[in-house]
Amino acid sequence: MSLARHFDLVIFDWAGTMVDFGCLAPVEALIAAFARRGVMLTEPEVRRDMGKAKADHVRALLGDPRTAAAWSAANGAAPTARDCEALIADLGPLMRDQAARTATLIGGAAITVQALRAAGLRVASSTGYTREMMQPVLERAAAQGYAPDHLVCSGETAQGRPSPLMIYKACAELGVWPLSRVVKVDDSEAGVAEGRAAGCLSVGVAASGNGIGLSAAGLDALPLPERAARIAAAGAALYAAGADVVIDSVADLVPALERYVADLRQPGPCREPVLLTPGPLTTESQTKAAMLVDWGSWDGAFNDLTAAVCRDLVAIAGGGDEHVCVPLQGSGTFAVEAALGTFVPKGAKVLVPDNGSYCKRIVRILGYLGREAVVLPHGEQEPADPARIDDALAADAAITHVAQVHCETSTGILNPLPQIAAVVARHGRGLIVDAMSSYGALPLDARSLRFDALIAASGKCLEGVPGMGFVIARRAALESCAGNSHSLALDLVDQWRYLQMTGQWRFTPPTHVVAALRTAIDRYRRQGGREARLARYTANCAALIGGMRTLGFAPFLPDALQAPIIVTFHSPADAAYEFPEFYRLVRDRGFILYPGKLTAVDTFRVGCIGAIGAEEIRRAVAAVADALREMGIREAAPK
Ligand SMILES: Cc1ncc(COP(=O)(O)O)c(C=O)c1O
């Protein structure tokens, strides 16, 4: 896609955007300059006005009541205009030294500039540094392969950021117009606001800049959840400052611009929303495209497709020759009902540890099937307890099976499946696992986890489209279940035998769903399989919780119990809040939320799964913030 059809010029900020990961130089220089006058600044104080011209930055700091009081205490009088000028003069050499020392290019900066130039765009720069401070930075950057076509420094326009004058100057001198063909890239809120004020596409840089303020090594050393949460919070602040797009670092700029341009080509009302729901979920374009072919259900090619998909589904669960996959038409619940009806004989008894709606649905299904259920009640914030399951099995020898939901999607809680499976195996009972929202992402290994049946569906963590459930069954267990099922359509033994005999599904197969799942599994493998998927969802979840917390939202679950699949948030206490309106406003901004599923507490849910990453989560948090503003809700804290 040609970026030159949309843009002529990209203007980059310097520190925190192209050089000096973490934007450390100005912080150290300002702290040193003030310390010489007996005033100890904190890092957050210094970072608050980052991006402004350095003289404006010093003025802003001296205008701050705490700093002014500290100045008076140290110097015996309030700061004067002359003090301010003297400080600015002191800062010059300190900044120059620090800027020179930290002028290492941020990873991907040089290659991004090369790619932009190769696409026919020009590259300019602007900074809150003076030209004198910039001299050593320019030399060091050029030696590392970055030399922009143009530079505007502080003091060269009547006003600095957030005014748009530096951008106007660059455009006037380079002969670029209109401003809508210009991209401004900056890590500071003042710099993002500058881009917005100029009428450019304003791109914020979250991870390498002032919002986090850590070196690349410092950021890498953070545990993943904390890193993701801090990047999300920095991104949310940049969106609040007016960014159109937020990226982690300059290395992500070209793909982000290409995505932005591709989105523009879709007319507004038809633009696809991002589904933040745990199935159906956002799928990749390749997966959608796989449905453009019609398949004959009797055709050998389709039979091969089904066989290959089933083989892969067994392998993803760590199954071998002793496991088989039985696919089934319909949504996940059809497969749950089929598994319960097939594996639980008439007259058998099923223990159901219950900590949410999907557990309760199992109990309802057993009721319909006329199979006895023993419910083991838990709180919705309480993981299923292996010790209580142990006791219940010990107390009642008539219990033949345990039906366990792995990730209870109504809250997002993770149940300790390995421990529960070990207890059930020790008692020699059958285990039926509803792994609908966990299969493909959370660890599930049939080599170490003994189950009779494990149930999932196409449109969940494998990121296929909905329409097909499947049951990974222990072959020996399945073979012993002939005649159990109450239903012809849901008899998994019959479905499996027919498939084995003919290679075909018994009744009309969801051909397009199977084809999409084939592509989704190929994409899954290419992207690094289960570990990579879990890593992406974990990062999404941390970014979501971090970003929503900055708005005041509180997750329903403590972090330790939260599976990285879906997050339940308490509804805001504000009287102006009501979910349907909140949903509509967030939907108008391109994101589909999920209503809460709890009876006692008012909540809503946001999925972390699907073909989405940090950018979508950041934009979603910004959309939520915007929706709250429109509803007049200042504080999203719950009751
Ligand atoms: C744990 C769990 N079980 C069962 C289901 C039911 O699946 P479906 O809505 O596709 O019938 C879901 C759906 O999200 C689920 O998360």
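Helices here are DSSP runs of H or I with at least four residues, numbered from the N terminus. The model is predicted.

**Exercise 1.** Determine which helix gives the largest share of the shell around the ligand, and describe that shell by class.

Solution.
- Start with the residues around the ligand, 13 of them; those that come nearest are Ser 331, Gly 332, Thr 333, Thr 409 and Met 436.
- Next, assign the shell to elements: helix 15 (residues 332–343) supplies 3 residues, the largest share.
- Finally, sort the shell by class, which gives 6 nonpolar, 6 polar and 1 charged residues.

**Exercise 2.** Describe how helix 14 (residues 300–316) and helix 21 (residues 511–526) pack.

Solution.
- Two packed helices are described by the angle between their axes and the distance between the axes.
- For helix 14 and helix 21 the angle is about 50 degrees, and the axes lie 10 Å apart.
- Angles under 35 degrees count as roughly parallel and 65 to 115 as roughly perpendicular; helix 14 and helix 21 are therefore oblique to each other.
- The handedness of the crossing of helix 14 and helix 21 is left-handed.
- On the helix 14 side, the contact is made by Phe 302, Leu 305, Thr 306, Ala 308, Val 309 and Asp 312; on the helix 21 side, by Thr 511, Val 514, Ala 515, Leu 517, Arg 518 and Ile 521.
- By class, the residues of this contact are 8 nonpolar, 2 polar and 2 charged.

**Exercise 3.** List the domains of the chain and state what separates the centres of domain 2 and domain 3.

Solution.
- The chain is divided into domain 1 (3–21 + 102–264), domain 2 (25–101), domain 3 (274–282 + 529–631) and domain 4 (288–526).
- Taken over C-alpha atoms, the centres of domain 2 and domain 3 are separated by 40 Å.

How values were computed. Residues numbered from 1 in each chain as written. Predicted model: local features only at pLDDT ≥ 70, side-chain atom pairs only at ≥ 80, totals over all residues. Near = placed C-beta within 6 Å. Helix = DSSP H or I, 4+ residues; strand = E, 2+ residues; numbered from the N terminus. Nonpolar A, V, L, I, M, F, W, Y, C, P; charged D, E, K, R; others polar. Axes fitted to C-alpha atoms, helices over the stretch in contact; angles between N-to-C directions. Parallel < 35°, antiparallel > 145°, perpendicular 65-115°, else oblique. Left-handed = near helix turned anticlockwise from the far one by under 90°. Contact = placed C-beta atoms within 7 Å. Domains from an automatic or database assignment.
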